[in-house]
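Trainee: I have a structure open and would like to learn how to read it step by step. Could you guide me through it?

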Amino acid sequence: MNIIKHEIKSSRKTFLVWTIALSLYNILIMSIYPSMAKEEAAMEELLSLFPESMIKIFHLDKLSMTDPFGFYATEAYSMYILFGSMFAALIASNLLAKEENDRTIEFLLSKPITRNQILTSKLISYLVMVTMFNLIVSLATFTTFEIVVGEYSKEIFLLLMLGPYLAHITFANLGFLLSAFVTRRKSIYSASLGLVIGLYVVGIIAALSDTFSFLEYLSPFRYLEAVDIVINGTFDTTNLLILLIVNILAISLTYVVYNRKDISA
Amino acid sequence: MYTIETENLTKYYGNTRGIENVNLTIKEGEIFGFIGPNGAGKSTTIRTLLNLIFPTSGKATVLGLDIIQDSRKIKQYIGYLPAEVGYYDDMTVRELLEYSARFYDSKEHRISELSERFDLDLSRKIEDLSLGNKKKVGIVQALLHKPKLLILDEPTSGLDPLMQKTFFEILKAENKQGTTIFFSSHNLSEVQKLCHRVGIIKNGTILQVEEMEALRSRLFKKIRISGEIHDLDLKGILHVETKDNGTQEFLFNGDINQLIQKLSKTQIDNLWIEEPTLEEVFIHYYEKEEDQHEHN
């Protein structure tokens, strides 16, 4: 409990900045929606000017910009899932890495706690922060939907909030795993950001090119596409299963590696 | 039961040697100085005892508990000061010490008492502290919960002489109350004021463990004399060297009064009596040992 309190307190600024920024982003985007919906004809004309690849990336061939979910899926969802994943990976990987980078791990490991207790405290800390982040952004988005949209499927809305949450948790766990290996502050920042952006780009390449479509299995973003949620009204069970395995593996591997590693001097 | 006992403790970092077959026994209630030049393996030994790193082979116990299996239990009873102190920059001294105290079962801690003795400002942020002050925070943090064993890695580096004195006084007081102290240093003269026993480590192996008294009687002074001097013919003169400028240099472990009396009868330009470096002491100490063996 001691460590958890300490971690959440020391990460509060980062947490607040990201939570406020993403909440505002979603509120802002959805506030534009009513005026966009009114200009249906103009929108369609605009879309016809988009290059085909853009249409494909944003799934504008399947989604309608004048539908609230279609609009949210194209304009807000992908940014929220991407930036939220960055936040999650950064905050989770920083928790372990900073202790070694700042040599505070020598302080922590001289206290009567096991490495497992340290790991579990850190794990709980970032799960709490990522969950709080998602709750707050979702609440802000929900309020905006209530005000500007009115009638809409609550179920799909919930899934559209849940998708990013699953991605955020996954990237937090992957970032945590990275930080068992990479401990220099600069390196862990670039490593965790690189992981998120890298897999995002892999997802885009898989969507654009038929040759590389096999790559989509590598990108958690492809498992949680907004277009699938809006059209199918559910998550793909296989995708969820794969994500679950990835998360379990990442966490177990972190525990295994960290319990055996030499803390660098 | 020994407070610390290591059995052929060995640590390799890949192919690089850290320590090799270290055998040490530290008795309850003693102050043990762990002496060696930089890179000798002092920190490696200490960090292995704390399970920050894992031994390649060999084993060790602290307070009768296995350093790997019972690491958490061990830490309930020890205080540790790392060689390079790193603390949470954005915390104040008080916040850090309270954070530290909360890890222990005992609700009794000595934050105000100890920070007063060390003249530590509790309201300052860690990041604004000088190296010496950070070190003080580290020492207070290590003493907070009245540990049975204190492990201090180069505790005096960065402390000014006055603070060093306070620090030694506190260590002596803690020791009187039964705390065993194990600390490393590369400075023998600093340690000899405090230790009951010393262990010398070099290139990852223990050269010698010795009672301070016995060691002191064999300690050398480094003497340099400039001026016309004739053969001094005294017991305890070793390794006489004549420098280009005519200065004579030698190590001396005989009776210093005899040396002064001899010198007073001659005309010299200058005289230096210095502490030899650790290397010098032990190189010659060992040469002497070998000499004696040959004579026997």
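## Reading salt bridges, an interface and some loops

Mentor: Gladly! Let's begin with a pair of side chains: A:Arg222 and A:Glu225 are both buried. Keep in mind that this is a predicted model.

Trainee: What do A:Arg222 and A:Glu225 form with each other?

Mentor: A salt bridge is a side-chain nitrogen of Lys or Arg within 4 Å of a carboxyl oxygen of Asp or Glu. A:Arg222 and A:Glu225 form one, with their closest N and O atoms 2.7 Å apart.

Trainee: How many salt bridges does the structure hold over all chains?

Mentor: Over all chains there are 17. Some join up: A:Glu7, A:Lys98, A:Glu99 and A:Lys122 are linked in a network of salt bridges.

Trainee: Which part of the chain does B:Glu30 meet through a salt bridge?

Mentor: Its partner is B:Arg197, at 2.7 Å from N to O. The pair links distant parts of the chain, 167 residues apart. B:Glu30 lies in the loop between strand E2 (16-26) and strand E3 (31-35) of chain B, and B:Arg197 is in strand E9 (residues 197-202).

Trainee: Are B:Glu30 and B:Arg197 buried or exposed?

Mentor: The general idea is a cut-off: buried means under 20% relative accessible area. B:Glu30 has 7%, so this residue counts as buried. B:Arg197 has 10%, so the label for B:Arg197 is buried too.

Trainee: Now for the two chains. How many residues does each one bring to the contact?

Mentor: Chain A brings 28 residues and chain B brings 26 residues. Between them the two chains bury about 2,400 Å², with 56% of that on carbon and sulfur atoms. In chain A, the residues that lose the most area to chain B are A:Asn2, A:Phe107 and A:Pro112, together 27% of what that side buries.

Trainee: What about polar contacts and salt bridges across this interface?

Mentor: The count of salt bridges between chain A and chain B is four, and 17 residue pairs are in polar contact across the interface. Among the elements of chain A that give two or more residues to this side are helix H1 (2-10) and helix H7 (115-148). H1(A) gives the most, with five residues. By kind, the residues on the side of chain A divide into nine nonpolar, nine polar and ten charged.

Trainee: Can you show me salt bridges that cross between the chains?

Mentor: One of them joins A:Glu106 to B:Arg47, with the closest N and O atoms 2.7 Å apart. Another is between A:Lys9 and B:Glu95, at 3.4 Å from N to O. This second pair crosses from helix H1 of chain A to helix H3 (residues 93-101) of chain B.

Trainee: Why is A:Lys9 called partly exposed?

Mentor: That label is for values between the cut-offs of 20% and 50%. A:Lys9 has a relative accessible area of 46%, so the residue is partly exposed. B:Glu95 is partly exposed as well, with 28%.

Trainee: How should I describe chain B as a whole?

Mentor: Start with its secondary structure, which comes to ten helices and 14 strands. Its C-alpha atoms fill a box of roughly 70 × 45 × 35 Å along the principal axes. Chain B has 296 residues, and 50% of them count as buried.

Trainee: Are B:Leu63 and B:Asp119 buried or exposed?

Mentor: B:Leu63 has a relative accessible area of 17%, so B:Leu63 is buried. B:Asp119 is at 61% and therefore counts as exposed.

Trainee: Which residues does B:Glu275 touch, leaving aside its neighbours within four places in sequence?

Mentor: B:Glu275 is in contact with B:Ser189 and B:Lys221. You can find B:Glu275 in the loop between strand E14 (270-274) and helix H10 (278-295) of chain B.

Note on methods
Residues are numbered from 1 along each chain as its sequence is written. Chains are lettered from A and ligands numbered from 1 in the order in which they are written. This is a predicted model: local features need pLDDT of at least 70, side-chain atom pairs count only at pLDDT 80 or more; totals for chains, interfaces and linings use all residues. Side-chain values use heavy atoms; hydrogens and water are left out. Contact means heavy atoms within 4.5 Å. Buried area is the accessible area (1.4 Å probe) that two parts lose on being put together, summed over both. A polar contact is a pair of N or O atoms within 3.5 Å; within protein, one must be able to donate a hydrogen and the other to accept it, and residues adjacent in sequence count only if both atoms are side-chain atoms. Helices (H or I, at least four residues) and strands (E, at least two) are DSSP runs, numbered from the N terminus. Ala, Val, Leu, Ile, Met, Phe, Trp, Tyr, Cys and Pro count as nonpolar, Asp, Glu, Lys and Arg as charged, and the others, Gly among them, as polar. Buried means under 20% relative accessible area, exposed over 50%, partly exposed in between (1.4 Å probe, protein chains only).
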